[in-house]
Amino acid sequence: MKYGNKKTEVDGITFDSKAEARRYLALKTLQAGGYISGLELQPVYEIVPPVTLYGRKRPAVKYKADFRYIEKGETVVEDVKGMRTPVYNLKRHLMKVVHGIEIRETT
C-alpha cells in the first residue's frame, strides 16, 4: 500500500485505491450510456526500448495507465492521481514525446 491508498475490489477487480475504483465505476456508467466505448484497464505502453548497458541487458521501460477508452472518436489514456511522483512526471513526459499522448489525470 503506497501513499496511504487502500486496495479496493469492484466487479472482482482489485484496484490500487478507492479513487481508482470510483473512477472505474464512473467510466463503466459512461460506457453503458454510450458516452465512451472500448474501456480497457491498465494498458501498457513501451516508452524506452530495451538496451544493453555495460554488457548487461536492461528491460524496456513501460508506463501502465489506469484506463484507456474512446471518447468522441478520440483515444483517452487516463490515470487517477492522488500524488505526482518524479517517476510519474518523467513517464508522462515520455508518453507525450514517444507516443504523442497526453495523459488525462483525474483525482
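The structure, a predicted model, holds nine salt bridges, a salt bridge being a side-chain nitrogen of Lys or Arg within 4 Å of a carboxyl oxygen of Asp or Glu. Local features need pLDDT of at least 70 and side-chain atom pairs count only at pLDDT 80 or more, whereas totals for chains, interfaces and linings use all residues. Residues are numbered from 1 along each chain as its sequence is written, and side-chain values use heavy atoms, with hydrogens and water left out.

One of these bridges joins the side chains of glutamate 40 and arginine 68 at 2.7 Å, N to O. Because glutamate 40 lies in strand S3 and arginine 68 in strand S8, the pair ties together parts that are 28 residues apart in sequence. Strands (E, at least two residues) and helices (H or I, at least four) are DSSP runs, numbered from the N terminus. Strand S8 also contributes glutamate 71, which is paired with arginine 104 of strand S10 (residues 104-106), 33 residues apart; the closest N and O atoms of this salt bridge are 2.9 Å apart. Glutamate 71 counts as partly exposed because its relative accessibility is 23%; buried means under 20% relative accessible area, exposed over 50%, and partly exposed in between (1.4 Å probe, protein chains only). Lysine 96 and glutamate 102 form a further salt bridge, with 3.2 Å between the closest N and O atoms. Here lysine 96 is partly exposed at 41%, while glutamate 102, at 61%, counts as exposed. Arg84, Arg92 and Glu105 are linked in a network of salt bridges.

The interior can be considered next. In soluble globular proteins, nonpolar side chains tend to be buried together. The largest nonpolar core has twelve residues, among them Val10, Phe15, Ile36, Phe67 and Val80; such a core is a set of buried Ala, Val, Leu, Ile, Met, Phe, Trp, Tyr and Cys residues joined through side-chain atoms within 4.5 Å. Two or more residues each come from helix H1 (18-32) and from strands S3 (36-41), S8 (67-71) and S9 (74-80). The largest share, four residues, belongs to H1. Apart from this core lies another, of ten residues, including Val77, Tyr88, Ile101 and Ile103.

In H1, the buried residues are Ala19, Glu20, Ala21, Tyr24 and Leu27. Their cover includes strands S1 (8-10) and S2 (13-15), together with S3, S8 and S9, where contact means heavy atoms within 4.5 Å. After H1 comes glycine 34, whose phi is positive, near 85 degrees.
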